[in-house]
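Welcome, and please take a moment to look over the sequence and the 3D view before reading on. We will walk through the links and contacts together, one group at a time.

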Amino acid sequence: MSTHPSLPRRARLGAALALIALAVPGLALASSNWSSVGSTGTPDELCAGRISFNNNDAGLAGGATALGCTIRYQVHDTWDGTGLLGVYLGARFTDNGIYAEVRARLRAHNTASGVLTTLATLSSNSYAPAATPQTRYLTNCVALNFNANSYFIEVDLVRTASPVGAIPGLPVLGQLRLLRCQ
């Protein structure tokens with residue numbers, strides 16, 4: 001038996017505060033967007049030794065010869081847990097000119113039928129080349145249904161052969177994002 005009359009009320013208050021402290025990070029995550037840095041992807045088996053992971057970036061190994069490699073990034077439902085939402089695709093990349101391209105495709109894999117569908121494609125060739133990273137977003141909103149599909153982003157890093165004396169293509173992926181449509 002407690003001799004201090006406010007102890008049960010303090011215990012209830014402490015328990016309520018602890019519950020709030022545990023719930024707030026989950027609530028913040030429920031409304032967050034999905035993102036991944038370039039270095040966290042999984043390259044195709046054929047690209048062993050051809051992908052260079054440097055800090056947060058993924059790029060092609062140096063050289064002037066033509067080369068193309070695909071890297072995949074698994075998308076997880078970090079939104080509200082209902083599995084249904086609309087998003088648009090964004091990427092931070094470096095494409096230094098006509099001999100380089102970074103192509104990102106948001107893909108859905110239907111869990112019942114196995115059908116693979118491309119929902120959105122972003123290509124660095126749609127923008128002016130730059131030797132420094134640039135961030136671009138698509139403007140179209142696509143629907144995701146995590147109850148029926150799994151999702152991933154497939155990125156192609158492409159370097160075409162450059163003539164002698166030309167600066168070789170240096171495609172680099174720095175980050176991918178899926179932002180919730182407003």
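Is Arg103 buried or partly exposed? Arg103 has a relative accessible area of 25%, so Arg103 is partly exposed. Here buried means under 20% relative accessible area and exposed over 50%, with partly exposed in between (1.4 Å probe, protein chains only).

A word on what you are looking at. This is a predicted model, in which local features need pLDDT of at least 70 and side-chain atom pairs count only at pLDDT 80 or more, while totals for chains, interfaces and linings use all residues. Residues are numbered from 1 along each chain as its sequence is written, and side-chain values use heavy atoms, with hydrogens and water left out.

Side chains of opposite charge can pair when their charged atoms come close. A salt bridge is a side-chain nitrogen of Lys or Arg within 4 Å of a carboxyl oxygen of Asp or Glu. Searching the whole structure gives seven salt bridges. In one of them Arg103 pairs with Asp156, the closest N and O atoms being 3.3 Å apart. This pair links distant parts of the chain, with Arg103 in strand β7 (residues 100-110) and Asp156 in strand β11 (residues 149-159), 53 residues apart. Strands, like helices, are DSSP runs numbered from the N terminus (strands: E, at least two residues; helices: H or I, at least four). Asp156 is buried, with a relative accessible area of 9%.

Now find Arg72, which has two partners to follow. With Asp44 it forms a salt bridge whose closest N and O atoms are 2.2 Å apart. Arg72 sits in strand β5 and Asp44 in the loop between β2 and β3, 28 residues apart. Arg72 also forms a salt bridge with Glu154, and there the closest N and O atoms are 2.8 Å apart. That pair spans 82 residues, from strand β5 to strand β11. Glu154 counts as buried at 5% relative accessibility, whereas Arg72 is partly exposed at 31% and Asp44 is partly exposed at 23%. Salt bridges link Asp44, Arg72, Glu101, Arg103, Arg105, Arg107, Glu154 and Asp156 in a network.

Next come the cysteines. A disulfide is a covalent bond between the sulfur atoms of two cysteines. The rule used here is a pair of cysteine sulfur atoms within 2.5 Å, and by this rule the count comes to two. Cys47 and Cys69 form one, with their sulfur atoms 2.5 Å apart. Cys47 lies in the loop between β2 (42-43) and β3 (51-54) and Cys69 in strand β5 (residues 67-75), so the pair ties together parts that are 22 residues apart in sequence. Both Cys47 and Cys69 are buried. The link of Cys47 and Cys69 is left-handed, with -115 degrees about the S-S bond. Cys141 and Cys181 are joined by a disulfide too, with S to S 2.0 Å. The torsion about the S-S bond of Cys141 and Cys181 is about 120 degrees, so this disulfide is right-handed.

What about the nonpolar interior? In soluble globular proteins, nonpolar side chains tend to be buried together. A nonpolar core is a set of buried Ala, Val, Leu, Ile, Met, Phe, Trp, Tyr and Cys residues joined through side-chain atoms within 4.5 Å. The largest one has 33 residues, of which Tyr73, Ile153, Val155, Leu176 and Leu178 touch the most other members. The elements giving two or more residues to this core include β5, β7 and β11. Contact means heavy atoms within 4.5 Å; leaving aside neighbours within four places in sequence, Leu178 is in contact with several residues, among them Trp34, Tyr88 and Ile153.

We finish with the aromatic rings. Rings of Phe, Tyr and Trp (its six-membered ring) pair if their centres lie within 6.5 Å; planes under 30 degrees apart count as stacked, over 60 as edge-to-face and the rest as tilted. The whole structure holds four such aromatic pairs. The rings of Tyr88 and Tyr137 have centres 6.1 Å apart and planes at 75 degrees, so this pair is edge-to-face. Tyr88 belongs to strand β6 and Tyr137 to strand β9, 49 residues apart. One aromatic cluster is formed by Trp79, Phe146 and Tyr151.
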